[in-house]
Amino acid sequence: MSNQTFLRFFKRQSKNISQFWRQFSRNKLAVASLILVLIFALIAIFADVLYSYDFVTSNSLENALLKPGETGTVYFQEKDIEHTFILGSDNYGRDILGRLVHGARISMIIGFVTVAMAVVIGGILGAIAGYKGGLFDTIIMRLTDIILSIPTILMSIAIVAALGNSFFNLLIAISTSLIPGYIRIVRASIISIKDQEYVEAARVIGAGDFRIVLKHILPNITSPIIVQSTLNVGSSILSASWLSFLGLGILPPKPEWGNMLSEAREFIQYAPHLLFAPGIAILLTVLAYNIIGDGLRDALDPKLRR
Amino acid sequence: MPALFIGGAGMLSNADIAFVPDQYFRKGSVMFRYIMRRILMLIPVLLGVTFIVFSLMYITPSDPAQMMLGANASPAAYKQMREDMGLDAPFIVQYGRFLFGYKHPVFGYKGLLFGDLGRSYVSNRIIFELILSSFPNTLILSVGALILALLLGIPIGIISATKPYSVADMVFTVFALLGASMPVFWIAMVLIYTFANNLRIFPAIANPRDFLSLVLPIITLSMNSMAIIMRMTRSSMLDVMQQDYIRTARVKGMDEKTVVFKHALRNALIPVVTVAGLQFGSLLGGAVLTEKIFSYPGLGSIMVDAIFQKDTPQILGSVCFVAITFTVINLAVDILYGFIDPRIKSTFSTKKKLVRGNQ
């Protein structure tokens, strides 16, 4: 690529992006959600700066079930510290805000890793099914049908139950249920695109399958994939939280929003604050991803543009 | 093709619907062939489902023979037990037995095809008896939730669509977004906290014989579906309201009520029916969580308990049972869809032409 064409390409891209942003920023709710997600991401990245991990996972029973804003003395790293529990403490005397902050990190990792796994695996399988067709297509689509005919919740539960309780197995369980969605999107787009003239032209010039998929087909399917993955980050955070809630995901003392709620269950009567903080955290995160996903769909879909 | 297929957009009367099965259930008709093909296609999918679930349970690290004998068994007894339980056979043989039955005086069973998987070696209860006795309870919960979701979702969707971007529409939109994003178990806990703990109106533990105790679990379970049905009704209504025949009806001087309920709603509800049917399937799955929280004696509770007790045959039986029910319901919805919407049905017969036409 010569310098000139590169510059032109770059200019076109930046124009696309600014046009996209103009569309997206019309939706104030989506922008607010984006800001919220960025704040959560920052919190997740700097979780260790805000609260040390050892602090939020170690018990101090004398501070158990403190109300929001109360202070207590915590014996931590061989000295007594005066600590304010901004959102109160749980039944083991652990700081709830601190656990929420570290839980944000775990949720964020789960959300992004599961979706990334699903996009890569689903994308490759969908591309093979759509581009090659024939036997590949039949096998992959039958497999998709089979996975889709087991309710998502059951599928994840069965996978975790079979593989055992670990972080990696949780990721597998969640992303397995996401994969069929990407297979379908990619396959459908490729089938509709692969016989169009410009792809044929590329083939006539002598471009290989790999190059055609990468250069001519991939750019056409990025927008539905971006929308789907944004929505899925939310839903996979939700799945992780209820798997943990059932005791099949991340187990205490590791801080995770779902298992915090699971532990809170027995103490609802005495300490309702245990119930609201993690629930609202899950709700806000999932809501934000859903709104951003909707906003992206409106901004990226030229058919909806008015 | 009779005229009713071209009759088109708004004009779907009850007489047409009543007319359809009579004509389309005749042997060799388009619809009959379509249904038969779908039922035949169901077989490999169901086999695949059982195969996947069986493989998952096969690789589970639990050891049933050890569980039967306890920790202090001699190696010889252990080996004998594995042989008796059929665990020494290769994977594919075990899968065959799981489907078609296993002959043994103590551990024998007739197989999944005949609805018999023997007894659980944890609770020693007959597996399918437990499943069939608890399934109606799950069904009560799911049907209740679906009815509630439809009763609230459709009217709210209509209100939103008739006054788009009004204050009411905004409120409902936010509500729908919340409903779709809220973790089910959290809604349940909040409901228990407010209505069982503080107000003491409804009990926190549900049981199928007490209607009052079913209120909270049904609300919990329906929340997600309600949001989805609401959004679906709204978008489908908005879609239909922009069509020409609605404008024609208005121009003819019809009042808005007739236009909305007699002309628009009928067409708008077609996609809603599909979504509702699909929701019913996912409600069966979603009941797992709700049942667990409300200690409700349904299939979901049994499944979760079985997982924690590593009761493999019970997990296998229940997961396969729900997956099969789910698949059959989805198929039924698909077929029903064809009956409700004549336009869909006409595409079965001219499928090839349509595909070519689209390109």
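A: The model is a predicted one, and the account starts with chain B, whose domain assignment gives domain 1, spanning 30-114, and domain 2, spanning 127-347. Taken over C-alpha atoms, the centres of domain 1 of chain B and domain 2 of chain B are separated by 33 Å. Across the boundary, 16 residues of domain 1 of chain B are in contact with 14 residues of domain 2 of chain B. On the side of domain 1 of chain B that touches domain 2 of chain B, the largest share, 12 residues, is supplied by helix α2 (residues 30-58) of chain B. That side of domain 1 of chain B is made up of 12 nonpolar, 3 polar and 1 charged residues.

The helix α2(B) also has a partner in helix α5 (residues 91-100) of chain B, against which α2(B) packs at an angle of about 125°, the two axes being 11 Å apart. An angle over 145 degrees would count as roughly antiparallel, and one of 65 to 115 as roughly perpendicular; α2(B) and α5(B) are therefore oblique to each other. The crossing in which α2(B) passes α5(B) is right-handed. At residue level, B:Thr50, B:Phe51, B:Phe54 and B:Tyr58 in α2(B) meet B:Phe91, B:Tyr95, B:Phe98 and B:Leu99 in α5(B). By class, the contact of α2(B) with α5(B) holds 7 nonpolar residues, 1 polar residue and no charged ones.

The crossing of α5(A) and α8(A) is right-handed. Sorted by class, the residues in the contact of α5(A) with α8(A) are 21 nonpolar, 7 polar and 2 charged.

The two chains also meet, in a contact that takes 34 residues from chain A and 41 residues from chain B. On the side of chain A that touches chain B, the elements giving two or more residues are α6 (134-148), α7 (152-163), α10 (209-245) and α12 (273-300) of chain A. This side of chain A divides into 23 nonpolar, 8 polar and 3 charged residues.

Most residues other than glycine have a negative phi, and most peptide bonds are trans. In chain A, however, a cis peptide bond joins A:Pro252 and A:Pro253, with omega about 10°, and A:Pro253 is found in the loop between α10 and α11 (257-264) of chain A. In chain B, B:Arg200 is a residue other than glycine with a positive phi, near 55°, and its place is in the loop between α8 (184-198) and α9 (211-241) of chain B. B:Arg200 counts as exposed because it has 9 C-beta neighbours inside 10 Å, the limit being 12 or fewer. B:Ser295, which is not a glycine, has a positive phi of about 45° and lies in the loop between α11 (256-293) and α12 (299-308) of chain B. With 11 other C-beta atoms within 10 Å, B:Ser295 is exposed.

Terms used. Residues numbered from 1 in each chain as written. Chains lettered and ligands numbered in written order. Predicted model: local features only at pLDDT ≥ 70, side-chain atom pairs only at ≥ 80, totals over all residues. Domains from an automatic or database assignment. Contact = placed C-beta atoms within 7 Å. Helix = DSSP H or I, 4+ residues; strand = E, 2+ residues; numbered from the N terminus. Nonpolar A, V, L, I, M, F, W, Y, C, P; charged D, E, K, R; others polar. Left-handed = near helix turned anticlockwise from the far one by under 90°. Axes fitted to C-alpha atoms, helices over the stretch in contact; angles between N-to-C directions. Parallel < 35°, antiparallel > 145°, perpendicular 65-115°, else oblique. Buried ≥ 20, exposed ≤ 12 C-beta atoms within 10 Å, placed from the backbone.
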